[in-house]
Amino acid sequence: MQFVYRFEIHPIHEQEQKLFYILKLCRKLYNHALNERKTAYKESGQGLTYCQQQNALPIFVEANPEYKKVHSQVLQDVLHRLDFAFQRYFAKEAGYPRFKNRDHYRSFTYPQVDAVKKTFSQPGFIFLSKIGFVKIKAHREFPAGSVSRVNVKYHGGKWYVNLTAEIPETKPVPVYKNVVGIDMGLSHFAALSDGTIVDPPKYFRQSEKKLARAQRRLSRKKKGSNNRGKAKEKVAKIHAKIANQRKDFLHKTSAAIVKQFDVVVMEDLRVKNMVRNHRLAKSIYDAGWGQFQKYVGYKCQRYGKVFVLVDPKGTSQTCLCGENVPKDLSIRIHECPACGLVMDRDLVSAKLILERGLEKIARV
Ligand SMILES: [Zn+2]
């Protein structure tokens, strides 16, 4: 992934003169190269390519020795910039490239710098080839060693550098210390295998009650009446509020879990038999499970964590020891006659889900 960091630089007078001079030479080269392309097209019906222009560059510099004061890669970048303008023109994304005056040519670029050995070898300074070490005001941290490209820009009477850094994307951690299995939706919103129980916040219940009341009121209003319209609006408003509360709850819960664990195992909802406890706020479950799984999944991806889905079949009827312990929905506590384990049934399921997930990872 590429990141760009912008900082102000403070050249001393002599350096600033050089910066202006380089800008001027780059602009002149740009206009010269544009003129060449135009002339070539007029005379032969064919324009010039970037490669042709780059090959001709040393001859141009020989004929115009003042260009020896500019780093050769900076000059190549000028030709790239022109080529890019033509590409955009051919793609119909921009008009025909124009000659640039001083106000429209304000930056030049070092496309490949050696950040480690040279560019940031002096603290508080940035090295610019043919200019020297220029004071830089880096007001925030940046990955100096990963900077590969330096763009120097004059804007509003000040000088800036745009530093492009290439940073590798986060890869999954190979050693899994913090692992978790999540069981969703029987007596709790979610149960985590580490013993954490997640229930929806109390305000859901309040919103649910409000919604039920508003819906009752709506059903009593005459069709087509003014009052019915108002009552409908009220119901819609409460629905929207609940949706927001749900989203907020799901985001916060998923973020906390992904932050804490390196491996997250969840049930594959496509094969889960959806049973629900009606005593809990209903609307959070209606859309909540799928959404929650999606949030956890993409957050895992973003932070380089491992996300595993497993078939939850039988997890509610089995003990950690492997014994089959059948129980209907009314039974909340798991009691194993074989090993004597007594535990919240959802927690047992969460631990089994985690086990299945870890087995699945081990097989890969
Ligand atoms: Zn057991």
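Helices (H or I, at least four residues) and strands (E, at least two) are DSSP runs, numbered from the N terminus. This is a predicted model, in which local features need pLDDT of at least 70 and side-chain atom pairs count only at pLDDT 80 or more, while totals for chains, interfaces and linings use all residues. Residues are numbered from 1 along each chain as its sequence is written, and side-chain values use heavy atoms, with hydrogens and water left out.

**View 1. Lys92 in its loop.** Let us start with Lys92, which sits in the loop between H3 and strand E2 (107-110). Its phi is near 60 degrees, a positive value in a residue other than glycine. Is Lys92 buried or exposed? Lys92 counts as exposed because its relative accessibility is 76%; buried means under 20% relative accessible area, exposed over 50%, and partly exposed in between (1.4 Å probe, protein chains only).

**View 2. Helices H2 and H3 side by side.** Here helix H2 (residues 50-63) packs with helix H3 (residues 72-90) at an angle of about 145 degrees, and their axes are 10 Å apart. The axes are lines fitted to C-alpha atoms, for helices over the stretch in contact, and angles run from 0 to 180 degrees between N-to-C directions. H2 makes a right-handed crossing with H3; a crossing is right-handed if the near helix is turned clockwise from the far one by less than a right angle, and left-handed if anticlockwise. On the H2 side, look for Tyr50, Gln53, Gln54, Leu57 and Val61; on the H3 side, for Leu75, Gln76, Leu79, His80, Leu82 and Asp83. Contact means heavy atoms within 4.5 Å. The residues of this contact divide into 6 nonpolar, 4 polar and 1 charged, where Ala, Val, Leu, Ile, Met, Phe, Trp, Tyr, Cys and Pro count as nonpolar, Asp, Glu, Lys and Arg as charged, and the others, Gly among them, as polar.

**View 3. His71 and Lys130.** His71 belongs to the loop between H2 and H3, whereas Lys130 belongs to the loop between strand E3 (125-128) and strand E4 (132-137). How far apart are the C-alpha atoms of His71 and Lys130? They are separated by 6.6 Å, although the two residues are 59 residues apart along the chain. Not counting residues up to four places away in sequence, His71 touches Tyr110, Ser129 and Lys130. The side chain of His71 also reaches the backbone nitrogen of Gln73 at 3.1 Å. That is a polar contact: a pair of N or O atoms within 3.5 Å, where, within protein, one must be able to donate a hydrogen and the other to accept it, and residues adjacent in sequence count only if both atoms are side-chain atoms. His71 is partly exposed, at 25% relative accessible area, and Lys130 is partly exposed too, at 43%. Phi of Lys130 is near 75 degrees, a positive value in a residue other than glycine.

**View 4. Lys305, a buried lysine.** Lys305 lies in the loop between helix H7 (283-302) and strand E11 (306-310). Lys305 counts as buried because its relative accessible area is 17%. Its side chain reaches the backbone oxygen of Phe261 at 3.0 Å. Beyond residues up to four places away in sequence, Lys305 touches Val258, Lys259, Phe261, Asp262 and Cys300.

**View 5. Val308 in strand E11.** Val308 is part of strand E11 and is buried, with 8% relative accessibility. Leaving aside neighbours within four places in sequence, Val308 is in contact with Val264, Val265, Met266, Gly357, Lys360 and Ile361.
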